[in-house]
Amino acid sequence: MQASVLKTGTAAAIAAALGLGLAAASALGQKSTADGIAEYRAMLADGNPAELFEARGEALWKEPRGPKNASLERCDLGLGPGVVKGAWVQLPRWFPDTKRVQDLESRLLTCMETLQGIAPEEVTKAPFGKGEQKSMEALAAWISAESRGQRMNLPQAHPEEKRMYALGQKAFYFRGGPMDFSCATCHGESGKRIRLQDLPDLRTNPGDGIGFAAWPAYRVSSGELWTMQRRLNDCYRQQRFPYPGYASDVTIALGVFMGVNAKGAESVAPSLKR
Amino acid sequence: MADPMRIRAQSSGNAATVRVLMSHEMETGLRKDANGVAIPAWHIREVSAALNGKTVMTAQWGPSISKNPFLQFNIKGAKAGDKVSITWVDNKGDRRTDEAVVS
């Protein structure tokens with residue numbers, strides 16, 4: 001009898017010890033989920049390979065190319081011909097010459113066509129990461145980097161910019177496809193994640209350097225630089241929607257919606273992603 | 001011609017921390033393309049670092065190093081104003097040397 005009591009006692013002591021151990025382990029586990037990823041990103045951010053794309057983009061901006069053998073240095077990104085600093089945090093915006101709201105990539109398509117004589121199809125028909133798409137990725141990396149640390153401040157004065165915002169909002173909540181998904185399914189609530197990736201709530205400003213203020217970004221898993229166009233293209237793929245056309249109105253409208261919502265968020269682009 | 005490296009070298013105390021970003025595909029030779037054909041190996045084989053022309057480190061690399069690799073190391077005795085040069089050679093014989101000044 002006494003032995004049995006002793007046994008129970010020992011078992012209880014062991015259980016207590018185990019319980020403590022488990023509690024400690026779960027506390028560690030919680031830390032390693034969010035903090036661990038942040039730590040990993042901080043380690044990699046020191047040598048973000050997006051810098052390699054930035055260097056290439058700057059060279060491409062100044063290099064005479066295309067049938068007209070001209071550089072992009074006279075390209076107007078919204079702040080006047082050749083002004084790059086600060087342009088990124090105000091895109092997409094209305095451009096009077098094309099009478100369209102354009103994001104960075106569609107604007108670059110215009111500049112490449114008018115200044116350099118490069119047909120837009122050379123970019124829009126090329127697969128991501130190949131041919132002229134590579135030029136686009138490098139240019140987007142450099143142009144966004146020139147506005148690093150500035151705050152998102154998209155204009156909404158022109159009626160077309162307001163119309164694009166409304167269109168983007170519609171597209172954001174539009175459910176469809178075989179899984180009946182919309183953008184809002186994943187990005188319409190705060191505190192959600194897919195596997196270990198936190199999902200930004202894109203209905204509001206998700207914070208500095210998060211969501212719209214984090215792209216373009218270098219993807220470590222694939223070793224590629226993704227522009228916002230590619231990001232959206234992949235979002236549509238994940239929703240099992242048909243692929244949107246490159247620089248099409250729906251992608252620009254979503255850019256306006258996310259960018260206007262992110263007003264005041266600090267841009268850290270090009271950032272580093274898993 | 002390969003893209004230039006990004007080299008930063010910063011002195012702290014009696015050593016300098018060197019950070020290098022290299023632009024390279026680093027194909028392992030094990031991947032296959034869309035048609036099922038193996039993509040030939042293409043990666044950096046050797047990296048060397050020199051301080052004012054004198055080799056201070058060599059490294060043998062292989063296919064397990066990531067694409068666009070990042071390398072960080074310290075050089076003892078390097079002072080501000082010293083020149084650090086990094087060279088890589090890949091398995092196709094392509095090479096690239098870039099230089100930075102310790103700040």
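Where is the place of Ala247(A)? Ala247(A) sits in the loop between helix H8 (228-238) and helix H9 (249-261) of chain A. The model is predicted.

**Positive phi**
- Ala247(A) has phi near 60°, a positive value in a residue other than glycine.
- Ala247(A) counts as buried, because 21 C-beta neighbours fall inside 10 Å and the cut-off for buried is 20 or more.
- Asn69(A), also a residue other than glycine, has a positive phi near 50°.
- The loop between H2 and S1 of chain A holds Asn69(A).
- Asn69(A) counts as exposed, because it has 10 C-beta neighbours inside 10 Å and the limit for exposed is 12 or fewer.

**Cis peptide bonds**
- Leu91(A) to Pro92(A) is a cis peptide bond, with omega near 0°.
- Pro92(A) lies in the loop between H2 and strand S1 (93-95) of chain A.
- Trp215(A) and Pro216(A) are joined by a cis peptide bond, with omega about 0°.
- Pro216(A) lies in the loop between strand S4 (197-199) and strand S5 (217-219) of chain A.

**Helix pair H2 and H5**
- In chain A, the axes of helix H2 (residues 50-62) and helix H5 (residues 132-145) come within 7 Å and cross at roughly 100°.
- H2(A) is therefore roughly perpendicular to H5(A), a class that spans 65 to 115 degrees.
- By class, the contact of H2(A) with H5(A) has 10 nonpolar, two polar and four charged residues.
- Residues on the H2(A) side include Phe53(A), Arg56(A), Leu60(A) and Trp61(A).
- Among those on the H5(A) side are Glu137(A), Leu139(A), Trp142(A) and Ile143(A).

Definitions and conventions. Residues numbered from 1 in each chain as written. Chains lettered and ligands numbered in written order. Predicted model: local features only at pLDDT ≥ 70, side-chain atom pairs only at ≥ 80, totals over all residues. Axes fitted to C-alpha atoms, helices over the stretch in contact; angles between N-to-C directions. Helix = DSSP H or I, 4+ residues; strand = E, 2+ residues; numbered from the N terminus. Parallel < 35°, antiparallel > 145°, perpendicular 65-115°, else oblique. Contact = placed C-beta atoms within 7 Å. Nonpolar A, V, L, I, M, F, W, Y, C, P; charged D, E, K, R; others polar.
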